[in-house]
Amino acid sequence: MTDDPPPNPALLPAGFVDLLPSDAEAEAAGMESLMRVFASHGYSRVKPPLLEFEDTLLSGSGAAVADQAFRLMDPDTRRMMALRPDITPQIARIAATRLADAPRPLRLSYTGLCVQASGGARESDRQISQAGIELIGPDTPEADAEVVALGAEALAALGVPGVSFDLTMPPLAPALIAEVGFTPAERQALMRALDRKDAAAVAKLAGGLAPVLTELLHAAGPAERALSVLGGLVLPAPVRVLSERLAATFAAIKARVPDIRVTIDPVEFRGLHYHTGVCVTVYARGQHEELGRGGRYVSNNDEPACGLTLRPEALLRAAPARAGRVRVFLPVGSDPALGRRLRAEGYATVDGLVPVADSRAEAKRLECDMIVAGDGVVALT
Amino acid sequence: MTAPFQDTTTPEMSQDTKLVLALPKGRILKAAAPLLAGAGILPAPDCLDEGSRRLRFPTDDPALDVVRVRSFDVATFVAFGGAQLGICGADVLMEFDYPEIYAPLDLRIGACRVSVARPKGQGEGDNPARWSRVRVATKYPAITRRHFAARGINADIVHLHGAMELAPVLDLSHLIVDLVDTGSTLRANGLEETETIATVTSRLIVNRTALKTQPERIGALIARFRQALAAPATAETLPA
């Protein structure tokens with residue numbers, strides 16, 4: 001019998017990573033800038049826990065993410081608990097319970113870690129950060145627009161280039177399909193074809209709806225063009241209401257942020273499955289992943305709500321690298337007052353703990369950028 | 001004859017890298033050549049020459065490159081955003097089922113089917129409704145598992161990359177699931193088709209994020225393919 005070689009101690013479970021110096025610092029700094037933007041617009045910060053009872057965390061809007069949750073048993077109560085795969089359902093719970101009597105509109109922000117059983121096909125991360133906002137109470141295009149505009153401001157604060165927002169109306173395609181008497185199996189196959197924008201399958205499965213759905217599939221793109229296609233179609237009344245709301249939300253966003261880049265995809269309904277109205281996905285040119293996602297949903301207690309969740313890991317890949325603090329080496333015996341002054345000026349000071357013969361060489365060995373000289377600093381070359 | 005490219009050289013292009021179109025080696029590439037010409041995409045001449053060692057080719061459009069990869073890999077290159085567009089069989093899309101891929105256009109080339117086959121005459125008195133499991137050799141493990149699971153049967157997969165027809169003969173498996181065009185390879189190896197899982201054609205596929213972030217450029221390319229499809233006869237008569 002042979003044994004497998006012992007596992008390498010550096011190996012982590014798939015989907016988990018160590019963030020090392022500079023990356024970890026960049027993440028913390030980036031997160032701080034995001035939260036500062038949210039706070040500056042009156043979004044008060046809340047901090048729900050990592051673990052909750054499964055039946056409360058995954059009920060209501062949380063049901064949509066139930067299949068993504070790691071579960072474990074509380075050894076104390078013997079009840080099943082779940083690690084949060086998403087923070088939004090927790091905010092919905094807080095708004096409906098502890099903050100039920102807080103004045104509306106209720107504006108909350110949050111950041112924290114989530115763990116998901118599996119990422120998407122592309123996304124292999126299982127531990128992800130979220131930073132987001134929820135606007136609870138109003139159901140108006142202006143509320144949708146506030147959330148998108150704030151997202152745009154937060155991304156601008158990070159300096160992410162080429163940001164675009166893709167607006168969708170997830171209930172629109174189902175409402176259109178509901179007007180025709182498809183069997184559940186036909187409906188499922190058609191929804192799947194629409195999800196993959198599989199034009200051949202849509203044409204085959206949609207029957208009389210095929211021309212409208214095909215036109216809508218090809219309408220996805222720049223907002224003005226997509227809305228003009230939508231406006232030109234003859235749509236049943238319930239679908240028309242949805243399409244008009246989409247147009248009104250776009251107009252409200254444009255009014256707030258005139259230079260924002262918006263695309264519209266009228267038949268897309270992908271995303272977090274709890275969304276019930278206008279949704280938004282954030283992209284940046286040249287990035288292969290979504291930077292964030294949000295939209296309108298019904299909070300616990302049937303209260304309308306709209307939120308946006310950004311993915312800090314993706315944002316930091318998209319944002320330009322920021323310079324960290326400059327490291328200055330202070331050999332043993334340096335004046336403590338000088339160290340205090342340098343730290344106040346934003347330097348990071350690295351103290352020598354033992355006397356060394358060559359301070360410059362020691363400073364380089366410790367990855368410092370500068371070294372003290374007299375009562376100032378000089379760069380190491 | 002070549003469509004002008006003004007529609008893709010919008011001001012935003014200057015900040016962008018090139019678009020990449022992934023093409024599959026072999027059978028589909030040959031069938032796609034007239035379509036590419038019809039859509040006004042002229043890759044470097046050695047792109048269509050299977051003997052060429054190059055993998056990436058420029059086209060007459062400075063903003064568009066073509067890469068030539070295995071047909072199964074076209075879907076992967078597009079799903080991960082390495083290529084923004086690709087041409088790939090619906091069989092490959094069914095197998096990988098990447099949510100990142102949109103398939104906006106049926107190119108109506110490379111028609112064939114994904115079928116179940118078994119040694120001729122072996123099925124007498126064997127009722128599949130009574131099976132709990134079956135051993136199947138295939139290069140489509142996901143399609144095969146799904147197909148049999150829907151019938152309440154666990155498929156034990158023998159994952160091969162070629163010469164599937166040998167598997168039942170050499171007792172690796174009971175059945176095979178494979179891509180069938182004329183069926184002559186099956187017949188030559190003493191197999192017969194018992195069931196068609198799906199008929200497939202090649203699709204123009206697009207990376208979801210690329211479509212969302214560069215809708216003008218990608219939309220314009222899709223439109224050119226759609227026009228080429230609308231006039232396939234003229235596409236074929238165009239000088240290459």
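Helices here are DSSP runs of H or I with at least four residues, strands are runs of E with at least two, and both are numbered from the N terminus. Hi everyone, with that settled, let's start at one residue: Leu205(A) sits in helix H7, residues 199–205 of chain A.

Before going on, please keep in mind that this is a predicted model, where local features need pLDDT of at least 70, side-chain atom pairs count only at pLDDT 80 or more, and totals for chains, interfaces and linings use all residues. Residues are numbered from 1 along each chain as its sequence is written, chains are lettered from A and ligands numbered from 1 in the order in which they are written, and side-chain values use heavy atoms, with hydrogens and water left out.

Back to Leu205(A). Its relative accessible area is 30%, so Leu205(A) is partly exposed; that class lies between buried, under 20%, and exposed, over 50%, with a 1.4 Å probe and protein chains only. Which residues does Leu205(A) touch, leaving aside its neighbours within four places in sequence? They are Phe182(A), Ala189(A), Leu190(A) and Ala193(A), where contact means heavy atoms within 4.5 Å. Take Ala193(A): 12 residues separate it from Leu205(A) in sequence, and the C-alpha to C-alpha distance is 8.5 Å.

Now the helix pairs. The axes of H8(A), residues 210–219, and H9(A), residues 223–232, come within 9 Å and cross at roughly 165 degrees. Because of that angle, H8(A) is roughly antiparallel to H9(A), a label for angles over 145 degrees. Axes are lines fitted to C-alpha atoms, for helices over the stretch in contact, with angles from 0 to 180 degrees between N-to-C directions. On the H8(A) side, the contact is made by Glu215(A), Leu216(A), His218(A) and Ala219(A), and on the H9(A) side by Arg225(A), Ala226(A), Val229(A) and Leu230(A).

H9(A) also pairs with H10(A), residues 237–256: their axes come within 11 Å and cross at roughly 155 degrees. These two are therefore roughly antiparallel to each other as well. From H9(A), the contact residues include Leu227(A) and Leu230(A); from H10(A), they include Leu246(A) and Phe250(A).

Finally, zooming out. Chain A is assigned domain 1 (16–161 + 269–324), domain 2 (171–265) and domain 3 (327–379), with bounds from an automatic or database domain assignment. The C-alpha centres of domain 1 and domain 2 of chain A lie 26 Å apart.

Terms used:
Parallel < 35°, antiparallel > 145°, perpendicular 65-115°, else oblique.
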